[in-house]
Amino acid sequence: MTTTTNTPTGTTREVEDLLRGLEVQRQFLRFTVRGLTDEQAARRTTVSELCLGGLIKHVSGCEAGWIEFITEGPRAVAGDDGDSWAGAFRMEPGEHLTDLLDAYEAVARRTEQVVRALPGLDAEHELPPAPWFEPGARWTVRQVLLHVLAETAQHSGHADVLRESLDGQKTMG
């Protein structure tokens, strides 16, 4: 069996597979918030602090930070204060779902641009000190992309529960 790929010049099939997998997870998350008003996107529908707009904001910020880690190193994902971190999961007054989705789209395009421009996925940086990282651990670009993909998939599942709690709509099924 012969297969053909439409891989852009300079990228590998692995790069394209990872980017395609990440885009599928982003699409699930975007689909989950389809048709919502700002008020609905900001509403907490479970006992947690999570809201749908806040999840979009959080995932967008995480992806942007990890892509900066690829280009700039560990200072890009160094610790954050609690208020700032918690605020990343909420829609603050004056924030709009359409703006959060537009920002997420810009982050996605930046990710694709950065990753496709790299010579490979083996470049690595030491992770910053944090209780959840082993001291001295290093991540390759590949590990970063797998982490972002997993983070996006996990929060897409959270979003599905929040949406179903909001109005009964489901992403799948």
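Helix α5 (residues 97-117) has 21 residues, which at 1.5 Å a residue should span 30 Å, and its end C-alpha atoms are 30 Å apart, in agreement. The expected span is 1.5 Å times one less than the number of residues; helices are DSSP runs (H or I, at least four residues), numbered from the N terminus. The model is predicted: local features need pLDDT of at least 70, side-chain atom pairs count only at pLDDT 80 or more, and totals for chains, interfaces and linings use all residues. Residues are numbered from 1 along each chain as its sequence is written, and side-chain values use heavy atoms, with hydrogens and water left out.

The table sets α5 beside α3 (52-72).

Buried means under 20% relative accessible area (1.4 Å probe, protein chains only). In α3, 15 of the 21 residues are buried, and just after this helix Gly73 takes a positive phi of about 100°. The buried residues of α5, among them Leu97, Tyr104 and Glu112, pack against α1, α2 (38-42), α3 and α6.

The axes of α1 (residues 13-32) and α6 (residues 141-167) come within 9 Å and cross at roughly 20°, which makes α1 roughly parallel to α6 (angles under 35 degrees). Axes are lines fitted to C-alpha atoms over the stretch in contact, with angles from 0 to 180 degrees between N-to-C directions. The contact (heavy atoms within 4.5 Å) includes Leu18 and Phe28 of α1 and Leu145 and His155 of α6.

Definitions and conventions. Helices (H or I, at least four residues) and strands (E, at least two) are DSSP runs, numbered from the N terminus. Angles under 35 degrees count as roughly parallel, over 145 as roughly antiparallel, 65 to 115 as roughly perpendicular and the rest as oblique. Buried means under 20% relative accessible area, exposed over 50%, partly exposed in between (1.4 Å probe, protein chains only).
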